[in-house]
Amino acid sequence: HFAVRVNHCEELSRLSGRVTDDENELVTQGQVYLFSAMNDTLNGKSYFDFYYSAEIKHGEYLIEDIDAGEYYLYFQAYSDENSKRLKEEFYENASDISDATIITIDCNQKLEIDAQLEKMPNWDTYVKITSEAPQSTKINQPFTYDVEAETNHESDDIKFELMHAPEDATIDAETGLISWTPTENGRYQFVVSASLSGFKEFSDYQDFAIVVSECDVLGSISGTVTDENGNQILHGMAMLFGESVEDNAHNSTVIAVELTNSGYKFEGIDKGTYYLVIQAYTEDSRHGYYIEWYDGKYDYLDADPIEIDCGDDVTIDFELEKIPEPNYYHVSGNVSDQNTGEGLSWVNVLFIGTEIKSGMQQGFHTMTDEHGNYSLELPDNFVYTAKAAASHYFKGNDSLTLGMYWPEYYEETGDPNEATELTLTADLEDIDFTLEAIADYSNSMSGKLKGESGDVIDKAMIVAFLINPFDDEYNNFMYFGRTSELDN
C-alpha cells in the first residue's frame, strides 16, 4: 500500500521559518502543515487530502520538496512551559481556514515565513453568562437586552456574538447589548455566545425565546379536565399551538402546562388563532385516555381553532374517554410459494393496526417458521391490514436458499388500498399468503457506441433504466454495463 506524488516542477521548492510564542520564546514542540488550497469538491477531495508537514525543532521548521501551487500554512505547537498548548492558527493569524491567507509557491523557490503563536489560557479558564434574558416584549417597540458575562482569565476581554436570532437583531460585540425592533407578533428564538477574546474554545452560550405580543392586555385559556364519571384527571399535559403561518415559523408557538387539581391554565396569551390538545394518563401511568383536541376531536387535522382577542379569558373544559383494556385474539396463517405451494420460512408478516377511536397506527410483527406457518396475539381495538414480504427464505436443514418475492397484502393483492380490513371479534385462522416469485431473467442488451464522426468509442458507461415493469408495479432498478477496449 503506497502513494506516488506526481510533481509539476523539475526543481522543487522549500519553506522554512521561525516559530515563537507571544513572549518571543522559541517554540520547541509542534508541527507545521502546508495544505493544498486547490479544493476539488467535485471529485470529493478536500484541502486536507494533499499536504506537506514538518516538525518544529528548536524554534524552526523546514518543509522541503514542495511542488508549485497554492497552499494554506497551519501551525500546531506547544511551549516549553509544562508543554503549555499554544493557539493553533493558519497563516496569517487566522483561526479558521476560511480567513487564512493563501500562499502561492512557484518552482525552485526558497521562502521564509515566521509565526508568533499566543499561549492558550489554562484548562480551568471559564467564561460564564450571568444575566437572565427577558421573556417578552411588545410589537413595534425597541427591545434591548444587555448580556453580561464573567471570566476568571486575567485579560477579562469577552466578545459577544449572536449565533441565532431574527435577521434584523444586532449585538454589540464589545458590550453584549442586543438591539431589535420586532414588527410581527410571535415567539422568536435567540442564541448568544460569550467567548474569551481570540479563544472561542472558552465560550458560554445562552438560548432563550422572546414572545412578542400585539396586545396591551393579554388573554388566558383555562379549564378543567375530567373523566367520564366527572373525576378530576391530575396527570398529563395541556398543549397550546399557535397557528402555523407559511414562511413565518415564529407563529407556530407551542406552550405546554401540566394538569393540576384545578385543571390547566395558559396565561399571557396574545391575540391570535390557537389549537388546544390534552394528553392524560392515570397516576400509575398504566392506563391512558384518548388524546383529545378541541372540540372533541381525536385528530389535529379535524381540530377546531380557538380565536383569542386582546384581554379574552376563555374557559374550555374537557371530558376524556379512558382507553379500555383490549381483548386479545389469536391470529394465524401460512405463507407459501405461489408456484410450488411450499411453505416459506423466515418471511416477515406485518399487521398494520389503525386504532378504532383515535386513528393512530401501530405495527405488529412476526415471522414464519420452517413450514411457513405464523401466529401472534393481537388486541381488538385496532382494524388491521396484513402484509407478507420475503427477500429470502430458509429451506431444509439450515441451508439458505435465496429468492425474491413480490410483497402481498391480504387478501391476494399488491395494493394496500385494496387490502381486506380485519376486525377482531374472535380468533382468526387461515390468514394465508401465496407469494409470487420475481422471475430470474437472463435477458441481455448489446450494441456499438460511436461518436458523431463515426469513430468507435471504446470507453463509456451504459445505463439501462427499468421504466415500466410488470403490471404497473414500479421498480427503481438500474442495470449497468461498460464498453470494452477488447471488443472495440
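**Strands and disulfides**

Tutor: Strand β2 (residues 29-36) pairs with β5 in the antiparallel sense over eight bridges. Strands here are DSSP runs of E of at least two residues, and helices are runs of H or I of at least four residues, numbered from the N terminus; two strands pair if DSSP finds at least two bridges between them. This is a predicted model, in which local features need pLDDT of at least 70 and side-chain atom pairs count only at pLDDT 80 or more, while totals for chains, interfaces and linings use all residues. Residues are numbered from 1 along each chain as its sequence is written, and side-chain values use heavy atoms, with hydrogens and water left out.

Student: Which residue stands opposite Tyr72 in β5?

Tutor: Phe35 is opposite Tyr72.

Student: And how many bridges join β5 to β7?

Tutor: Three bridges join β5 to β7 (residues 103-105), and the two run antiparallel. Within this pairing, Glu70 has Thr104 of β7 as its bridge partner. β5 also pairs with β6 (residues 89-90), again in the antiparallel sense, over two bridges, and there Phe75 is partnered by Glu89.

Student: Is β5 mostly covered or mostly open?

Tutor: Strand β5 (residues 69-78) is mostly covered, with seven of its ten residues buried. Buried means under 20% relative accessible area, exposed over 50%, and partly exposed in between (1.4 Å probe, protein chains only).

Student: Changing topic: how many disulfides does the structure hold?

Tutor: The structure holds two disulfides, a disulfide being counted as a pair of cysteine sulfur atoms within 2.5 Å. Cys9 and Cys107 form one of them, with their sulfur atoms 2.0 Å apart. This pair links distant parts of the chain, 98 residues apart: Cys9 lies in the segment before β1 (13-21), and Cys107 in the loop between β7 and β8.

Student: Are those cysteines buried or exposed?

Tutor: Cys9 is buried at 8% relative accessibility, whereas Cys107 is partly exposed at 35%.

Student: Which cysteine is joined to Cys215?

Tutor: Cys215 is joined to Cys310, with an S to S distance of 2.0 Å. The torsion about their S-S bond is about -75°, so this disulfide is left-handed. Cys215 is buried, with a relative accessible area of 2%, while Cys310 is partly exposed at 36%.

Student: What is the pairing of the bonded cysteines in sequence order?

Tutor: Numbered in sequence order, the bonded cysteines pair 1-2, 3-4.
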